[in-house]
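Here is a short report for a reader meeting this structure for the first time. Please look over the sequence and the model before reading on.

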Amino acid sequence: MLDIRNATRLFGSKAAVDAVSFRVEGPAFVGIIGRSGAGKSTLLRMMNGLTPATSGQILVEGRDVAVLTGAAAREWQSHCAMIFQQFNLVPRMDVVSNVLHGILNRRSTLQTVLNLWPRADILRALAILDRLGIAEQAPKRAEALSGGQQQRVAIARALMQDPRIILADEPIASLDPMNAQIVMDTLKRINVEDGRMVIANLHTLDTARRYCDRVIGMRDGRVVFDGLPGQLTTGVARDIYGADADFNESATSTAIPTDTSADAEYAARMLA
Ligand SMILES: Nc1ncnc2c1ncn2[C@@H]1O[C@H](COP(=O)(O)OP(=O)(O)OP(=O)(O)O)[C@@H](O)[C@H]1O
Ligand SMILES: [Mg+2]
């Protein structure tokens, strides 16, 4: 379904992504790991059509999405949702409108200006929020929510697009461990229940091991590891991240301390 062939992106003379190739068949949960500057975000942006490839191909069901521009790029982006570390919600807008913005590009300018949404779309947005355990937040402004709740709104906005692929760029990097787990469980559920492919840049090894069917390690723009989470030993990880003396796996942990946050009940339900 996804076939990346020698995808390369240069910034000046420097290759941020350097001849990356891999194939993903079916609705896998793929994690991409690597140190800062390895090219993880650039690769996701290339898949999404935000950053055109300098050379190579990114084939989705046979169509090259690496070279799309303008309306064609926007059309592809409507099938390929992206989730960001900083949520990228409209802070002062209510939650349900933020979710509806997932399908903004399918509406006329007039509808948008008048903020007119078909009833069916509003009901679908509410149903998605309900599925993600945050229906009661629907009328609130996005900025009034916790980080974990905001990221679930961003996931709801992505689902509103009914995407084939969900790309997540460090989706839990700004969250505390409890909320990080809720967000990762939510992405996993969407992957398993809906059969949507999820590709997530992750900065913690234990998260990659726990949630991914497959892990891709990048270093200096290149793929240096492509395997199962079980093959991701500390030695392999040291290779991916660079054998610095300060490499310390425990520093990348998102293990959850026992606590009783407002989201604990939801987490328990998700984990049951
Ligand atoms: N728009 C740009 N212009 C110039 N250089 C860029 C641009 N975007 C990325 N780069 C460079 O490309 C390389 C890869 O950056 P990228 O953001 O993809 O890394 P990353 O793995 O996502 O890092 P991080 O973990 O810090 O998010 C870096 O050297 C970065 O400085
Ligand atoms: Mg990045």
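## Where two helices meet

Which residues in H5 meet which residues in H6? From H5 come Ala125, Ile128 and Leu129. Facing them in H6 are Ala156, Leu159 and Met160.

Helix H5 spans residues 119–131. The axes of H5 and H6 come within 9 Å. They cross at roughly 135°. H5 and H6 are therefore oblique to each other. Their crossing is right-handed.

## The model as a whole

This is a predicted model. The chain has 272 residues, and 40% of them are buried. Its secondary structure comes to 10 helices and 10 strands. Take the contacts between residues at least 6 apart in sequence: 71% of them join residues at least 24 apart.

The mean pLDDT of the chain is 89. A pLDDT of 70 or more is reached by 88% of the residues. Residues 256–268 fall below 50. Beyond near neighbours in sequence, that stretch has 17 contacts in the model. Where pLDDT is low, the predicted coordinates should not be read in detail.

## An open sheet of four strands

Four strands make an open sheet. Their order is S2-S1-S4-S5, and the pairing is antiparallel. Strand S2 (14–24) and strand S5 (63–64) stand at the edges. Each has a single partner strand, so one side of each is left without a neighbour in the sheet. In general, strands of a sheet pair through backbone hydrogen bonds, either parallel or antiparallel.

Strand S1 covers residues 2–11. It pairs with S2 over seven bridges, in the antiparallel sense. Arginine 9 stands opposite valine 17 in S2. Alanine 7 has valine 20 in S2 as its bridge partner. S1 and S2 form a hairpin, with two residues between them. In the turn sits glycine 12, with a positive phi of about 65°. S1 also pairs with S4, again antiparallel, over five bridges. There, arginine 5 has glutamine 57 in S4 as its bridge partner.

## Helix H1 on the sheet

Which strands does helix H1 touch? Helix H1 (residues 40–48) packs on the sheet and touches S1, S2 and strand S4 (55–60). The direction of H1 makes about 60° with that of S2.

Eight of the nine residues of H1 are buried, so this helix is largely enclosed by the rest of the structure. The buried residues of H1 are Lys40, Ser41, Thr42, Leu43, Leu44, Met46, Met47 and Asn48. After H1 comes glycine 49. Its phi is positive, near 80°.

## H6 beside H7

Helix H6 (residues 147–160) also meets helix H7 (residues 177–194). Their axes come within 9 Å and cross at roughly 15°. That makes H6 roughly parallel to H7. H6 passes H7 in a right-handed crossing.

Which residues make this contact? On H6 they are Gly147, Gly148, Gln151, Arg152, Ile155 and Leu159. On H7 they are Asn179, Ile182, Val183, Thr186, Leu187 and Ile190. An α-helix has 3.6 residues a turn, so residues three or four places apart point the same way.

Alanine 156 has its place in helix H6.

What does alanine 156 touch, leaving out residues up to four places away in sequence? Its contacts are Val99, Ile128, Leu129 and Leu132. Ile128 and Leu129 belong to H5, where they take part in the meeting with H6. Isoleucine 134 is 22 residues from alanine 156 in sequence. In space the two are 9.6 Å apart, C-alpha to C-alpha.

Methods: Residues numbered from 1 in each chain as written. Chains lettered and ligands numbered in written order. Predicted model: local features only at pLDDT ≥ 70, side-chain atom pairs only at ≥ 80, totals over all residues. Buried ≥ 20, exposed ≤ 12 C-beta atoms within 10 Å, placed from the backbone. Contact = placed C-beta atoms within 7 Å. Pairing = 2+ DSSP bridges. Axes fitted to C-alpha atoms, helices over the stretch in contact; angles between N-to-C directions. pLDDT = per-residue confidence, 0-100. Parallel < 35°, antiparallel > 145°, perpendicular 65-115°, else oblique. Left-handed = near helix turned anticlockwise from the far one by under 90°.
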